[in-house]
Amino acid sequence: MNELNYDNKHFASGTYSGTVTNLEKETVPLLAVLNFNPEDNTITGSLEDHDSGSIDVTGTYNPSPPFDFKLTRAGTTYNGFKQNADLIGRYKNTAGKGVFKLKPQNIVASAKFADESKMSQEDIIQELVSMGFIEEQVREAIIIKGLSLSEAVELLSNSSENEKVSPEVLIDRFLGMGFEIDKIQKAVSECDGNAEAALQALLSA
């Protein structure tokens, strides 16, 4: 199992879909349209679920390790981090708290490559590597399978769900989300570098 390298990775603007799960293990779909502005590290966009419909969100993100972010919409805050191109974390509102996971569906190329149709294969490869994907897997997706940027993001996100993250990276991320260090260390140790499992354990503690 490869350990992820988080150097020089960036957040990708676009459409994300996923789920939110409360402490009672009830899960509902979540759709997000997010724009990450590298000039001031702010986030704008919208989140949509079955309970409240589409609501505007704003937030901030950290373009350097541990690549954490915070989103706020009416009555709900989302604190999380980037793992590959996925966004995972915890949410909290007056009704309770839980975890969320968003996977990219339609990614917009960075400002350097504003028009994806004009990107060469090597441009696409470097864009995907900068998002945190493993270069060998990226080259296979683009060169051998001939996928577009968005198609490759979806494939690579699905194929790398079980990649391990170093304990140091996870500890930094969970500290940024407000968890206590002793609980973090216990969860990270028990979950063997699986970020989602560790987050579930922390919320259940």
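This report describes the barrel, the helices, one loop proline and the nonpolar cores of a predicted model.

## Basis of the model

Because the structure is predicted, local features are reported at pLDDT of at least 70 and side-chain atom pairs at pLDDT 80 or more, while totals for chains, interfaces and linings use all residues. Residues are numbered from 1 along each chain as its sequence is written, and side-chain values use heavy atoms, with hydrogens and water left out.

## The barrel

In the order β1-β2-β3-β4-β5-β6-β7-β8, 8 strands close into a barrel with antiparallel pairing; strands are DSSP runs (E, at least two residues) and helices likewise (H or I, at least four), numbered from the N terminus, and two strands pair if DSSP finds at least two bridges between them. From one strand to the next the twist averages 30°, where axes are lines fitted to C-alpha atoms, for helices over the stretch in contact, and angles run from 0 to 180 degrees between N-to-C directions.

Strands β1 (residues 14–22) and β8 (residues 96–107) run antiparallel and are joined by 9 bridges, including the one that pairs Ser-17 with Lys-103 of β8. Helix α6 (residues 195–204) lies across β6 (76–83), β7 (86–93) and β8, at about 160° to β8.

## Helix α2

In helix α2 (residues 135–144), Val-138, Ala-141 and Ile-142 are buried, with buried meaning under 20% relative accessible area, exposed over 50% and partly exposed in between (1.4 Å probe, protein chains only). Seen down the axis of α2, these buried residues fall within an arc of 85°, so they line one face of the helix; the arc is that of the directions from the helix axis to the C-beta atoms. The face turned away from the buried side carries the exposed residues Glu-136 and Ile-144, and after α2 comes Gly-146, with a positive phi near 70°.

## Pro-66 in its loop

Pro-66 is placed in the loop between β4 (53–61) and β5 (68–73), and is buried at a relative accessible area of 15%. Not counting residues up to four places away in sequence, Pro-66 touches Phe-81, Val-169, Asp-172 and Arg-173, contact meaning heavy atoms within 4.5 Å. The C-alpha atoms of Pro-66 and Asp-172 are separated by 6.2 Å, although the two residues are 106 apart along the chain.

## Nonpolar cores

A nonpolar core is a set of buried Ala, Val, Leu, Ile, Met, Phe, Trp, Tyr and Cys residues joined through side-chain atoms within 4.5 Å. The largest has 36 residues, with Tyr-16, Leu-34 and Leu-128 making the most contacts inside it, and helix α1 (residues 121–131) gives the most to this core, with 5 residues. Another core, of 17 residues, lies apart from it and includes Val-99, Phe-179, Ile-184 and Leu-203.
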